[in-house]
Amino acid sequence: MGVQCVDCVAEAAAQTRQPRTVLGGQVRAGAPVVTITIIVINIAAYVLQQVVPGFTSHWIFSPRIDSHDYVRMLSTAFLHASITHIGLNMVTLWFVGPFLENALGRIRYAVLYLVCAFGGSVGVVVIAQLTHSWPSGVVGASGAIFGLFGAVFAVMRRMGGDIRSILTLIVLNLVLGFVVANISWQAHVGGLVTGAVLAAAYAYAPRKWQKATAWVAPIVVVALLVLALRAAYAAAGL
């Protein structure tokens, strides 16, 4: 009976090229780990909102009061206003997230989600300054999830898929944001644009530049978001 040494097997495995998707994401079997982690964090944050006094007020983003508070701009995307609010967002994330996690790979997908969450908050500030209507506070993952909608559109377009379904989903949800009260459509718009731009950079990068783009593109997008944020606050005198 033949026997292989453990070190030889490990070395051979390290030298074996891992299969990758068309967009450069590493193919992984099993559960969508990043999507599940994001859902767990959101649920944990919602539980803390219910049991810890002042938790929501400590982490919520109030655009006019918390100017330039980048931590709150991100943390507010993990807070929710009700069980229905978090339920709808998490179900939507579960249906959309695994596709992107598989296509882009775990790291790029996680970065995409966080950048879209930030982009949603920036969208709130920019549109508030343009309309001179400042909300007292915004919570929810919908800005980040709209970013995933934009990312799915960009990825499907790059892969030659049918984009009609995702376009219909985007339009319907944007319309709901305008006609249903207490929905931050501004965050939806900010997240959507951010996700589409960043995912397009990921998707259309030449294969030899995919690794570099995975790091450069988010930095560039975040820099542009910060510039837009600073310009909006400066125009508002904040």
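User: Which helix gives the largest share of the lining of the largest pocket?

Analyst: The largest share comes from H5, with five residues. This is a predicted model, in which local features need pLDDT of at least 70 and side-chain atom pairs count only at pLDDT 80 or more, while totals for chains, interfaces and linings use all residues. Residues are numbered from 1 along each chain as its sequence is written, and side-chain values use heavy atoms, with hydrogens and water left out.

User: How is a pocket defined here?

Analyst: On a 1 Å grid over the protein atoms alone, a pocket is an open set of points with protein on both sides within 12 Å along at least five of seven lines, whereas a cavity is a set of points where a 1.4 Å probe fits but cannot get out; lining residues have an atom within 4 Å of a point.

User: How much space lies in the largest pocket, and which residues are closest to its centre?

Analyst: The largest pocket holds about 750 Å³ of space, a volume being the space filled by probe spheres set on grid points joined across faces, edges and corners. Of its 28 lining residues, His85, Ser142, Ile183, Ser184 and His188 are the closest to the centre.

User: Which elements give two or more residues to that lining?

Analyst: They are helix H5 (83-104), H6, H7, helix H8 (164-179) and helix H9 (185-204). Helices are DSSP runs (H or I, at least four residues) numbered from the N terminus.

User: What about cavities: how many of 30 Å³ or more are there?

Analyst: The structure holds one such cavity. About 110 Å³ of space lies in the largest cavity. It is lined by 15 residues, and Thr76, Val138, Gly140, Gly143 and Ala187 are the closest to its centre. Helix H6 (106-131) and helix H7 (142-159) each give two or more residues to this lining.

User: Changing topic, which residue lies over the face of tyrosine 202?

Analyst: Arginine 108 does, at 5.3 Å from the ring centre. The rule requires NZ of Lys or CZ of Arg within 6 Å of the ring centre and within 35 degrees of the ring normal.

User: What is the phi of histidine 68, and where does this residue lie?

Analyst: Histidine 68 has a positive phi of about 65 degrees although it is not a glycine, and it lies in the loop between helix H3 (55-59) and helix H4 (70-75).

User: And histidine 132: buried or exposed?

Analyst: Histidine 132 is exposed, with a relative accessible area of 66%; buried means under 20%, exposed over 50% and partly exposed in between (1.4 Å probe, protein chains only). Histidine 132 is found in the loop between H6 and H7.
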